[in-house]
Amino acid sequence: MIFLGLVGIYDPPRPESKAAIQRCFGAGIEVHMLTGDHPTTASAIAKEIGILPLLWSPELENEGKFNSQLVMTAAQFDALSDAEVDNLSELPKVIARCIPDTKVKMIDALHRRNKYVAMTGDGVNDSPSLKKADVGIAMGLGGSDVAKQASDIVLSDDNFATIVNAIAEGRRIFSNIQKFILHLLSGNSGEIVTLIIGLSFIDSDGISVNPMSPLQILFLNMITSSPPAMGLGVERASSDIMRYPPRSKGGLFTWEVIIDMIYYGIVLGGLSLANFVIVVYAIGNGNLGQNCNSSPFGQECAPNDPTCDPIALEIACHQIYRARGTTFATITYILLIHAYNCRSLRDPIWTMKLYDNKILFWSVFGGLLTAIPTFYIPELNSKVFKQLGIGYEWGLIVGAVIIFEIFVEVYKFMKRRYLKPLEIVEGEGLKRQYSLNEYP
């Protein structure tokens, strides 16, 4: 027998795998590799794609240079009780020589740490773990039929980077739904504040004078709010979308979003009511008239009624109609500008580009123009929208928009300063430290 040479077979990971792994760690997503390979092979691949630090070695790990054992065999991991596994400061990043039960045990350990688990696999022996995971992902090209049937998602290109891209897209959709809801509900909250407090304006007949007419409310909800909200629904993903930590299972309505809606609604409603009061009481004579909810001329005087002054009634109802138009315009233009505030929960409005979301831009621009005819077209303004054309009131409206923006920016500044950052802090947690190939 003559020795001719030695042949080694190398099955390299995909070139994009390392970048995808780094994106995961940057987004607070832990990546564990459970494989049937030999520990040496598994750790070498894990180091190459960034799951393990480049300086990792069995010798350093045995010397206690790391806070936890990052590489184990299935026999070592399976020998640990659940309590011992839970006491580990960090679950192993790589488990070699795996069997199906080992993968299921790892998923159970992650669940006990309140983690949301996605599992990838292609073989028949991966089926139990694919079924056990919150999201089972089977390989579409090289996966077995059993694995595909047990999974929730079938990956058509067998590429880990596709999973990461899907996570980024999911985060974009989630974020856009939050923006959509925040804009609509903060606007609705402002209308509720205006209408409920507006019940306190009582005319001489003991009837509440409405700060807004029913058609104005319908216009605000259908024409003013809806198009910008739909524009927010198609926002592009922000550049830092994969630097946010995973979201909790609480859903869309986090405490921050709920408080935002209440705060913006109170400020919006307060400013619109303030303009109504200024027009009626500060500039006007404070007379709320009679029957000003239905007619700009008020109640018709009965014949030979010396107590009824038709001119005074007309003046009173005209100022009510102008105040109602001012309130309507205040909410309209604040809501349109507010759409740009809702593009970010914390970033100031001047950091956002005006035209990068064309749907949002044109919906806001169209809304600014669409409201104007409702004030100045005869009969449409008085009989349909129950308002009259406004003049000096535009100054009040512009002032309200500016004051609203000041309130918003001060509020966002306080959130940026005192709340926990939305982005993952550099070096936060052992997992991200290792993902950056640092070692203690």
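This is a predicted model: local features need pLDDT of at least 70, side-chain atom pairs count only at pLDDT 80 or more; totals for chains, interfaces and linings use all residues.
A helix here is a DSSP run of at least four residues, numbered from the N terminus. Of the 43 residues in its lining, Tyr244, Arg247, Ser344, Leu345 and Leu422 lie closest to the centre. Three helices, α9 (160-198), α11 (255-283) and α16 (393-418), each supply at least two lining residues of this pocket. The largest share comes from α9, with 6 residues.

Helix α12 (310-341) is the next stop. The helix has 32 residues and reaches 46 Å from its first C-alpha to its last, close to the 46 Å expected at 1.5 Å a residue. Of these 32 residues, 24 are buried, so α12 is largely enclosed by the rest of the structure.

Charged pairs come next, and a search of the whole structure finds 16 salt bridges. In one of them, glutamate 256 pairs with arginine 346, and the closest N and O atoms are 3.1 Å apart. This pair links distant parts of the chain, with glutamate 256 in helix α11 and arginine 346 in the loop between α12 and α13, 90 residues apart. Glutamate 256 counts as buried because its relative accessibility, 16%, is under 20%. Arginine 346, at 8%, counts as buried too. Elsewhere, salt bridges that share partners join Lys179, Glu235, Arg343 and Asp356 into one network.

Lysine 132 pairs with aspartate 108, with the closest N and O atoms 3.5 Å apart. Here, too, distant parts of the chain are linked: lysine 132 belongs to helix α7 (residues 127-132) and aspartate 108 to helix α6 (residues 100-112), 24 residues apart. Lysine 132 is partly exposed at 39% relative accessibility, as is aspartate 108 at 25%. Glutamate 16 and arginine 14 form another salt bridge, in which the closest N and O atoms are 3.9 Å apart. Glutamate 16 is partly exposed, with a relative accessible area of 28%, and arginine 14 is partly exposed at 38%.

Finally, the surface carries a nonpolar patch formed by Leu354, Tyr355, Trp362, Phe365, Leu369, Ile372 and Tyr376, which together have about 700 Å² of accessible area. Helix α13 (residues 358-370) gives the most to the patch, with 3 residues. Tyrosine 355, one of the patch residues, is found in the loop between α12 and α13. This tyrosine counts as partly exposed, at 40% relative accessibility.

Key
Residues are numbered from 1 along each chain as its sequence is written. Side-chain values use heavy atoms; hydrogens and water are left out. Patches are made of residues with over 30% relative accessible area and no salt bridge: like charges are joined within 9 Å, nonpolar side chains (Val, Leu, Ile, Met, Phe, Trp, Tyr) within 5 Å. Accessible areas come from the Shrake-Rupley method with a 1.4 Å probe; for residues, only the protein chains shown count as cover. A salt bridge is a side-chain nitrogen of Lys or Arg within 4 Å of a carboxyl oxygen of Asp or Glu. Buried means under 20% relative accessible area, exposed over 50%, partly exposed in between (1.4 Å probe, protein chains only). The expected span of a helix is 1.5 Å times one less than its number of residues. On a 1 Å grid over the protein atoms alone, a cavity is a set of points where a 1.4 Å probe fits but cannot get out, and a pocket is an open set with protein on both sides within 12 Å along at least five of seven lines; lining residues have an atom within 4 Å of a point.
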